[in-house]
Amino acid sequence: MVIVREGHGEAQAIEKLVARVGRDLGLVPDVFASLSANPRIVISSPETAVRAARVAARYRPDAILLTADLDDGCPADVAPRWAQAVRSEGLSMPVALVLFHREYETLALSVADSLAGMQLLPGVVLDAGVSA
């Protein structure tokens, strides 16, 4: 799998999330390339999503994961058009396009309640009063 992600804040975070979800599903995803944003592959439009998919496809992966922060944009408004543009490329591998409202970290908001009181790292416990 090749992951195209933005910036340094997501460095290793998305890769770890993919590995953890894969493990929970009984899969072992092989993330062999993770491309951070640069002027060639920043995803901000249908055209740049296609460009990012093309760059990732050069690695000949089994799958591609494209991610982008939309800041204040709404993923529901742009995702169908962007996904159709990527689909129309007819790439030979599956491509997932994941768009975040504001930041990657917003994924944690949907599970904050279930994490309350759990040990996240050795010595790090999320306060039981935290909720989304």
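Reader: Leu97 first. Is this residue buried, exposed or partly exposed?

Author: Leu97 has 23% relative accessibility, so it counts as partly exposed. Buried means under 20% relative accessible area, exposed means over 50%, and partly exposed is in between, with a 1.4 Å probe and protein chains only. This is a predicted model: local features need pLDDT of at least 70, side-chain atom pairs count only at pLDDT 80 or more, and totals for chains, interfaces and linings use all residues. Residues are numbered from 1 along each chain as its sequence is written, and side-chain values use heavy atoms, with hydrogens and water left out.

Reader: Where does Leu97 lie?

Author: Leu97 is in strand 4, which covers residues 95–100. Strands here are DSSP runs of E with at least two residues, helices are runs of H or I with at least four, and both are numbered from the N terminus.

Reader: What is Leu97 in contact with, leaving aside neighbours within four places in sequence?

Author: Leu66, Ala79, Trp82 and Ala83. Contact means heavy atoms within 4.5 Å.

Reader: And how far is Leu97 from Ala53?

Author: The two are 9.5 Å apart, C-alpha to C-alpha, and 44 residues apart in sequence.

Reader: OK, strand 3. Why is it called largely enclosed?

Author: Six of its six residues, 64–69, are buried, so strand 3 is largely enclosed by the rest of the structure.

Reader: Which residues point which way from strand 3?

Author: Ile64, Leu66 and Ala68 point one way. Leu65, Thr67 and Asp69 point the other way. All of them are buried.

Reader: How many bridges join strand 3 to strand 4?

Author: Six, and the two strands run parallel. Strand 1, residues 2–4, also pairs with strand 3 in the parallel sense, over three bridges. Two strands pair if DSSP finds at least two bridges between them.

Reader: What stands opposite Ile64?

Author: Val2 does.

Reader: And which residue is the bridge partner of Thr67 in strand 4?

Author: Val98. Thr67 itself sits in strand 3. Thr67 counts as buried, at 4% relative accessibility.

Reader: What does Thr67 contact, neighbours within four places in sequence left aside?

Author: The list is Val4, Arg5, Glu6, Ile14, Ile43, Val98 and Phe100.

Reader: What do strand 3, helix 3 and strand 4 make together?

Author: A right-handed β-α-β unit, with helix 3 at residues 75–87. Right-handed means this: with the strands pointing away from the viewer, the path from the first strand over the helix to the second runs clockwise.

Reader: Zoom out. How many helices and strands does the chain have?

Author: Four helices and six strands. From the N terminus, the order is β-α-β-α-β-α-β-α-β-β. The chain has 132 residues, and 31% of them count as buried.

Reader: What share of the contacts with a separation of 6 or more comes from residues 24 or more positions apart?

Author: 63%.

Reader: Salt bridges next. How many does a search of the whole structure find?

Author: One. The side chains of Arg54 and Glu89 form it, at 2.9 Å from N to O. Arg54 is in helix 2, residues 46–57, and Glu89 is in the loop between helix 3 and strand 4, so the pair ties together parts that are 35 residues apart in sequence. A salt bridge is a side-chain nitrogen of Lys or Arg within 4 Å of a carboxyl oxygen of Asp or Glu.

Reader: Is Arg54 buried, exposed or partly exposed?

Author: Arg54 is partly exposed, at 44% relative accessibility. Glu89 is also partly exposed, at 29%.

Reader: Now loops. What phi does Arg60 have?

Author: A positive one of about 55 degrees, although Arg60 is not a glycine. Most residues other than glycine have a negative phi. Arg60 lies in the loop between helix 2 and strand 3. At 73% relative accessibility, it counts as exposed.

Reader: What about the phi of Asp71?

Author: Asp71 has a positive phi of about 55 degrees and is not a glycine. The loop between strand 3 and helix 3 holds Asp71. Its relative accessibility is 47%, so Asp71 counts as partly exposed.
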